[in-house]
Amino acid sequence: MKIDFLQLYAEVEVNYDITNTVLKPLRINLNKLNKTLPHYDKLFKTTDYELVFTISATQENKNLVYGPTTSSKNKVVYFTIFIPYKTFNSFTQQIYYILDTLAEGIIFVFNKYKTDPSGVKEAFETLKTLIAKDPERYQKWLKDLED
């Protein structure tokens, strides 16, 4: 199973600028955990499928996680994580809040599908440590990181 992220913001002026310098190392570290969701292993008859978390922000009172939407043809499972919208004085405070909320959403999904979430929180904490050392780097979109 490969984990990936999308961003979709439906509410006007309610969004977060989460750069590829944040999402790429997060995706790499989560995929290193080699997790799968047994329900989808059986449904797709393989562990070669994609688990996509769509990141969104909301000012409404919504559940943290919505989904799944499943494409059997493309072997993709989509969940949306709605991050309650807040403004922050610093990039570091904002990105920590975003990462903590994303971790909570992913752990929720893993627990719901009886997948051990061990290592997920650590992947997020590792990234937060890197961001603390060089916050300016993680605020920028870098062309050489695109895949």
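**Close-up views of a predicted model**

**View A. Arg137 is placed over the face of Tyr138, 5.4 Å from the ring centre.** A charge counts as over a ring if NZ of Lys or CZ of Arg is within 6 Å of the ring centre and within 35 degrees of the ring normal. Lys128 likewise lies over the face of Tyr96, at 5.0 Å from the ring centre. The model is predicted, with local features requiring pLDDT of at least 70 and side-chain atom pairs pLDDT 80 or more, whereas totals for chains, interfaces and linings use all residues. Residues are numbered from 1 along each chain as its sequence is written, and side-chain values use heavy atoms, without hydrogens and water.

**View B. Helix 4 has buried residues at Val120, Ala123, Phe124, Leu127, Lys128 and Ile131.** Buried denotes under 20% relative accessible area, exposed over 50%, and partly exposed in between (1.4 Å probe, protein chains only); helices are DSSP runs of H or I with at least four residues, and strands are E runs of at least two, numbered from the N terminus. These residues lie on the same side of helix 4, because they cover an arc of only 135° around the axis, taken from the directions from the helix axis to the C-beta atoms. Their cover includes helix 1, helix 3 and helix 5 (135-138), where contact means heavy atoms within 4.5 Å.

**View C. Phe88 and Tyr97 form a tilted aromatic pair, 5.2 Å centre to centre with 45° between the planes.** Rings of Phe, Tyr and Trp (its six-membered ring) pair if their centres lie within 6.5 Å; planes under 30 degrees apart are stacked, over 60 edge-to-face, and the rest tilted. Phe88 is partly exposed at 28% relative accessibility, whereas Tyr97 is buried at 15%.
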